[in-house]
Amino acid sequence: MMRFVRPAETRDLDGVVALAESLGSGMTTLPADRAVLGEKIERSVASFRGQLDRAQTQYLLVLDAGDGTVQGTSALYPHVGSPYGFFSYKRLRLVQRSQAVDVSCNVEMLALANDYTGTTEVGTLAIHPSLKGTGAGRLLARSRYMLVAIRPDLFAPLLMGEMRGWQDDRGENPFWNAVGARFFSMDFATADLLSATRGADFIAELLPKHPLYIELLPPDAREVIGKPHRNSMPARSMLRSEGFRYEGYVDVFDAGPQMHCDRDQIATVAQSRQARPVTLSPNAAPAATPHLICSEDLLGFRAVMATAQVVDGEIALVTDASQLLGADRGATVRWSPGAVGVAA
């Protein structure tokens with residue numbers, strides 16, 4: 001059986017719930033809540049069918065073991081921040097000087113920003129713990145960009161992704177303790193879950209509107225600004241390999257880093273090409289190399305990592321991959337190199 005990525009379907013609910021339960025706490029966009037996950041899948045199904053306004057769409061992909069078993073998820077949120085805005089803190093530098101006493105003051109602050117409102121967010125990247133180190137996470141992550149490559153009109157010119165912020169061995173986040181806990185009458189986990197499942201209206205209402213001077217924060221809170229959770233390090237590496245960059249934006253709750261990249265400059269997108277599929281002959285098989293390949297039909301989207309050879313606008317595929325992608329029926333496919341970027 002060949003592992004592949006496809007859109008989530010209503011029949012996947014049990015599998016997605018089981019996946020969420022296997023991950024434990026901390027994955028706020030994939031909570032082990034049947035009602036929340038059911039609504040997420042239903043919205044994704046409607047999005048793939050073109051039944052929702054862009055501001056309401058979200059595209060949930062699942063990693064299929066080849067027999068219908070869900071082994072992972074990833075998602076695209078085409079237009080984040082509606083209707084209250086997508087909130088971040090932006091790290092800024094302020095230089096002041098007094099001529100009267102000949103003293104300069106160079107300080108940093110965090111200013112509330114909505115710069116990512118309306119952009120497309122990549123998120124909900126999760127694989128079953130047993131698949132870590134197998135390449136499954138990278139397949140899921142890059143499949144999102146292949147979806148962008150075949151239908152760029154569905155997504156914003158800028159894509160962003162955020163990582164879970166740093167936590168100590170007790171699960172405490174120093175930035176939340178110093179800032180968020182003073183303005184929200186709830187613990188960090190509750191606030192983060194509310195943000196993921198019901199929107200940002202309460203953030204807009206309760207978060208302090210004035211800049212935070214970083215020097216006034218406790219040392220442990222200052223140190224974790226822009227520092228990802230240890231479990232998010234692989235995700236940051238994958239984002240960097242695609243060309244995403246960090247420019248001082250952090251999550252308002254845990255100060256985890258937020259990164260962005262122009263849609264058409266994402267490595268998987270920029271290096272992707274359309275090709276006419278043909279059968280890989282036994283003689284050519286030794287020279288074939290891994291390629292990320294997807295179908296170009298939105299509703300029937302499939303993505304797979306498979307051995308192939310590209311020559312003169314044609315891509316020679318093994319039979320299993322060809323059948324999975326519908327290429328055996330004459331449909332064109334899109335491919336991208338098996339590895340991209342500096343961290344590939």
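Which residue of S6 is the bridge partner of Ala 75? In this predicted model, the bridge partner of Ala 75 in S6 is Gly 123, and the pairing belongs to a set of five bridges that join S3 to strand S6, residues 120-127, with the two strands running antiparallel. Strand S3 itself spans residues 70-77 and is mostly covered, since eight of its eight residues are buried. S3 is also joined to strand S2, residues 59-64, by six bridges, and here too the strands run antiparallel. Within this second pairing, Asp 64 has Val 70 of S3 as its bridge partner. The hairpin formed by S2 and S3 has five residues between the strands, and in this hairpin Gly 66 takes a positive phi near 110°.

Ser 82 and Pro 83 are joined by a cis peptide bond, with omega at about 0°, and Pro 83 is placed in the loop between S3 and strand S4, the latter covering residues 88-98. Positive phi values also occur in residues other than glycine, including Thr 124, where phi is near 55°. Thr 124 has its place in strand S6, and it counts as buried because its relative accessibility is 3%, where the cut-off for burial is under 20%. Ala 255, another residue other than glycine, has a positive phi near 65° and is found in the loop between strand S9 (245-250) and strand S10 (257-262). With a relative accessible area of 0%, Ala 255 is likewise buried.

Among the helices, H3 comprises residues 136-150, and its 15 residues reach 21 Å from the first C-alpha to the last, close to the 21 Å expected at 1.5 Å a residue. Helix H3 is mostly covered, as 14 of its 15 residues are buried.

Charged side chains form a further group of contacts. Side chains of opposite charge can pair when their charged atoms come close. A search of the whole structure finds 16 salt bridges. One of them is formed by the side chains of Arg 34 and Asp 14, at 2.6 Å from N to O; Arg 34 lies in helix H2 (residues 34-48) and Asp 14 in helix H1 (residues 13-23), so the pair ties together parts that are 20 residues apart in sequence. Arg 34 is partly exposed, with a relative accessible area of 45%.

A salt bridge is also found between the side chains of Arg 93 and Glu 108, at 3.6 Å from N to O. This pair links distant parts of the chain, with Arg 93 in strand S4 and Glu 108 in strand S5 (residues 103-113), 15 residues apart. Arg 93 counts as exposed because its relative accessibility of 55% is over 50%, whereas Glu 108, with a relative accessible area of 24%, is partly exposed.

The side chains of Asp 169 and Arg 230 likewise meet in a salt bridge, at 3.7 Å from N to O. Here Asp 169 is in the loop between strand S7 (158-162) and helix H4 (174-178), while Arg 230 is in the loop between helix H7 (219-223) and helix H8 (233-242), so that distant parts of the chain, 61 residues apart, are linked. Asp 169 counts as exposed at 77% relative accessibility, and Arg 230 counts as partly exposed at 46%. Finally, salt bridges that share partners join Arg 6, Glu 9, Arg 11, Asp 12 and Asp 64 into one network.

How values were computed
Residues numbered from 1 in each chain as written. Predicted model: local features only at pLDDT ≥ 70, side-chain atom pairs only at ≥ 80, totals over all residues. Heavy atoms only, no water. Helix = DSSP H or I, 4+ residues; strand = E, 2+ residues; numbered from the N terminus. Expected span 1.5 Å × (residues − 1). Buried < 20%, exposed > 50% of the residue type's maximum accessible area, 1.4 Å probe, protein only. Pairing = 2+ DSSP bridges. Salt bridge = Lys/Arg side-chain N within 4 Å of Asp/Glu carboxyl O.
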